[in-house]
Amino acid sequence: MSHLDNIPSTPGKHKPDKAFRFHSAAASSSLSKLTLYSTLFLSVLLIFLLLLSSPSSPPSPRRHLSTGSHHTPLSLSHKLIRKSARPRYTTGHTVLVTGAAGFVGTHVSLALKRRGDGVLGLDNFNHYYDPTLKRARQKILEKAGVFIVEGDINDKGLLQQLLDAVLFTHVMHLAAQAGVRYAMQNPGSYVHSNIAGFVNLLEVSKLANPQPAIIWASSSSVYGLNSKVPFSEKDRTDQPASLYAATKKAGEEIAHTYNHIYGLSITGLRFFTVYGPWGRPDMAYFFFTKDIMKGKTITVYESPDKGSVARDFTYIDDIVKGCLGALDTAKKSTGSGGKKREPAQLRIFNLGNTSPVPVSRLVSILEKILKVKAKKKVVPLPRNGDVEFTHANITLAMTELGYKPTTDLEAGLKKFVRWYLSFYSGSKKKSSW
Ligand SMILES: O=C(O)[C@H]1O[C@H](OP(=O)(O)OP(=O)(O)OC[C@H]2O[C@@H](n3ccc(=O)[nH]c3=O)[C@H](O)[C@@H]2O)[C@H](O)[C@@H](O)[C@H]1O
């Protein structure tokens, strides 16, 4: 995978003029000649200075924009950015989607674009999981007219440049370091993306005029060791079981601060184990499929009482509807230029499926769809950040966002497996959306 930063606009190829010769020995060193030479010398000097200060001199770092797929000069990037972000209708939204090449980011970007909103993507295409999958998603987005700027949410200059170039009505912030168990291997990446990156985004957003409304991905993991089921937004979330959960919980508190001080309208969405076509290879349903097909043994966790660990698996299309519902009901931010005028909206919603399924059942559904018996090793749930179960109460999202999940795990996994087989069979053309 080549890392394709764009080329800065070519610096002006200024050749200094030949040295100006002054023949002092000339018998004809008349005053008029001296004046002529002096004038010419000064003119050349002036032109030289003008050229040095002209726009063709090397650009400042703030003018670099990477398109991710090819070298694109700045002027062209700006054109693509504006085109991508332009809504089809005057009533449409203008949305910056961070993490646009990610699983949820791609689905949400497409849904917004298809209904006529303007969408600009931002993604750093990191290598947490196979970036070729992210590039494949990017291609689908490009076909639909969604342009992805390649960059990191920690790059303040880049974010400022994007918010200067386009007046975004909303930011759908889905860029994050995901994965519960990986937090033990690489804790710094969680702090970098989920805390520092989020703060950076809010810092830039608070200064925008008008400020965009922010909708962002929190996580079911914030419920941590909470044992009151189903999990309600009112329940305690101060016992995270993983650093991932702790950074998402920190995000919720940070959101409160920026809402309180700067008037940013912020909506956090607690996603419950989202799965589906074009999903994340680091998630159990995804690598179980791969390993079952290869005849490799899968490790299935069980709780200390020998019960199965369970998840409120939520199908991607339902999550997308929840995200769009959150965006459509988000009120405007109330600040401008870093100053709050009046209290702004601050919300948090569970987006789950309300029917937890044991992991053992997930495995038997996959066995049925794949028509392959899994080789299983059942082990006690290790202390790796995983919690025993999740179960969402979605009453609030139903009432406020019109959220209503409709896909059960079996139906959703069928769609996932169909996509998986076509995507990895080499006939990538078939893996349509
Ligand atoms: O809702 C969330 O907020 C999170 O959802 C997702 O986390 P999880 O719910 O943990 O999903 P996932 O890893 O697929 O494990 C599923 C089940 O398989 C069990 N599991 C896992 C691995 C294994 O080898 N064996 C096993 O039994 C495991 O114990 C678990 O019970 C996102 O990854 C995360 O980014 C975040 O968004």
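In the predicted model, T106, S109 and L110 of helix α3 meet R137, I140 and L141 of helix α4. Contact here requires C-beta atoms, placed from the backbone, within 7 Å of each other. Helices (H or I, at least four residues) and strands (E, at least two) are DSSP runs, numbered from the N terminus. By class, the α3 contact with α4 divides into 3 nonpolar, 2 polar and 1 charged residues. Ala, Val, Leu, Ile, Met, Phe, Trp, Tyr, Cys and Pro count as nonpolar; Asp, Glu, Lys and Arg count as charged; the others, Gly among them, count as polar. The axes of α3 (residues 103-115) and α4 (residues 131-143) come within 10 Å and cross at roughly 5°. Axes are lines fitted to C-alpha atoms, for helices over the stretch in contact, and angles run from 0 to 180 degrees between N-to-C directions. The two helices, α3 and α4, are therefore roughly parallel to each other. Angles under 35 degrees count as roughly parallel, over 145 as roughly antiparallel, 65 to 115 as roughly perpendicular and the rest as oblique.

Residues are numbered from 1 along each chain as its sequence is written. Because this is a predicted model, local features need pLDDT of at least 70 and side-chain atom pairs count only at pLDDT 80 or more, while totals for chains, interfaces and linings use all residues.

Helices α5 (residues 156-165) and α6 (residues 187-207) cross at roughly 35°, and their axes come within 10 Å. Their crossing is right-handed. A crossing is right-handed if the near helix is turned clockwise from the far one by less than a right angle, and left-handed if anticlockwise. From α5, K156, L159, Q160 and L163 take part in the contact; from α6, N200, L201 and V204 do. This contact of α5 with α6 has 4 nonpolar, 2 polar and 1 charged residues.

Helix α8 (residues 284-294) packs against helix α10 (residues 359-370) at an angle of about 45°, with the axes 10 Å apart. That makes α8 oblique to α10. The crossing of α8 with α10 is right-handed. On the α8 side, A284, Y285, F288, T289, I292 and M293 are in contact; they meet V359, L362, V363, L366, E367 and L370 of α10. The contact of α8 with α10 comprises 10 nonpolar, 1 polar and 1 charged residues.

Helix α8 also contributes to the ligand shell: α8 and β8 (297-302) each supply at least two of its residues. The largest share, 3 residues, comes from β8. There are 19 residues around the ligand, of which A178, S219, M283, A284 and Y301 come nearest. A residue counts as near if its C-beta atom, placed from the backbone, lies within 6 Å of the molecule or strand. The shell has 11 nonpolar, 6 polar and 2 charged residues.

Several backbone features fall in loops. A cis peptide bond joins N209 and P210, with omega of about 5°. P210 is in the loop between α6 and β5 (213-219). Another cis peptide bond joins V229 and P230, with omega of about -10°. P230 lies in the loop between β5 and α7 (243-262). W278 is not a glycine, yet has a positive phi of about 65°. This residue, W278, lies in the loop between β7 (274-275) and α8.

UniProt, in an unreviewed entry, lists residues 95-331 for "domain: NAD-dependent epimerase/dehydratase". UniProt positions are given in the numbering used here, feature names are shortened, and annotations may be inferred rather than shown by experiment. Over residues 95-331 the chain is 43% helix and 18% strand. The end C-alpha atoms of this stretch are 14 Å apart.

Conventions
Contact = placed C-beta atoms within 7 Å.
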